[in-house]
Amino acid sequence: MRISEIAAIVTGGASGLGGATAQALAKNGARVFALDLPAAVEQAPPVSGLSYVPADVTDSAQVSAAVDTAAGADVPLRVAVNCAGIGPSARILSRKGPHDLDLFRKVVEINLIGTFNVLTLAAAAIAQTPPDDGGQRGVVINTASIAGYEGQIGQAAYAASKGGVIGLNLPAARDLASSGIRVMTIAPGIVDTPMLATVSEEFREKLAEGVTFPKRLGRPEEFASLALSIIAHDYLNGEVIRLDGALRMAPR
């Protein structure tokens, strides 16, 4: 599927993985609608072909309005990339007591339910577009994490939410096949995003040592490059791709 002259939605599109993906799509000729929280949108850099839309992925009305805006562009809506997410750390039992249930619920709501919300509403709009010569109307790419396979100590909520995204992938691809929509998921390892901006260089080097090869942190641009490859490669469907340098997470 071609990337130019289509509309695309990217959640978490103001920075990090979403920001890199939104910018890469725009630079390759897509009309991009980057969804993010209002505070993030205010700080996002201006990019030609990229429109920032304040929206909470867990809010159906806000996402529906954003999808309507993207679907109303002068090019067909064919792509949605889910990158919005949070990753707080908390043990199930700690010195502070049991894991806070509201925190667990919030992580699952944003990372898993938010992903499903955007997937569903975007797919409904993409299904209304004319198919290409191969019968394809579009593709949705979700973001999981290798923590969905090998969650570490303190990652119960995060790992559960990302494991849910992994489990969602195949049934979603099967459900949407009749509409000509592919569904893929990327499971990144440790990527150098704003979430790591506050840690020391020593700690970053320690993280990189655990990667099999190359021994460095991943780059948001590499995630974006893979997302664009998935969009362009019509036979990729129903699969989760690890983007982690062969990293397998230790317990801590």
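Biologist: Which backbone oxygen does the side chain of Asn 82 reach?

Modeller: A polar contact is a pair of N or O atoms within 3.5 Å; within protein, one must be able to donate a hydrogen and the other to accept it, and residues adjacent in sequence count only if both atoms are side-chain atoms. Here the side chain of Asn 82 reaches the backbone oxygen of Thr 115 at 3.4 Å. This is a predicted model: local features need pLDDT of at least 70, side-chain atom pairs count only at pLDDT 80 or more, and totals for chains, interfaces and linings use all residues. Residues are numbered from 1 along each chain as its sequence is written, and side-chain values use heavy atoms, with hydrogens and water left out.

Biologist: Is Asn 82 buried or exposed?

Modeller: Buried means under 20% relative accessible area, exposed over 50%, partly exposed in between (1.4 Å probe, protein chains only). Asn 82 has a relative accessible area of 3%, so Asn 82 is buried.

Biologist: What about Thr 129: buried or exposed?

Modeller: Thr 129 is buried, at 11% relative accessible area. Its side chain makes a 3.1 Å polar contact with the side chain of Arg 78, and reaches the backbone oxygen of Ile 126 at 2.6 Å.

Biologist: Where does H4 bend?

Modeller: The bend at a residue is the angle between axes fitted to the seven residues ending there and the seven starting there. H4 bends by about 35° at Glu 109. At the start of H4, a side-chain oxygen of Asp 100 comes to within 3.1 Å of the backbone nitrogen of Asp 102.

Definitions and conventions:
Helices (H or I, at least four residues) and strands (E, at least two) are DSSP runs, numbered from the N terminus.
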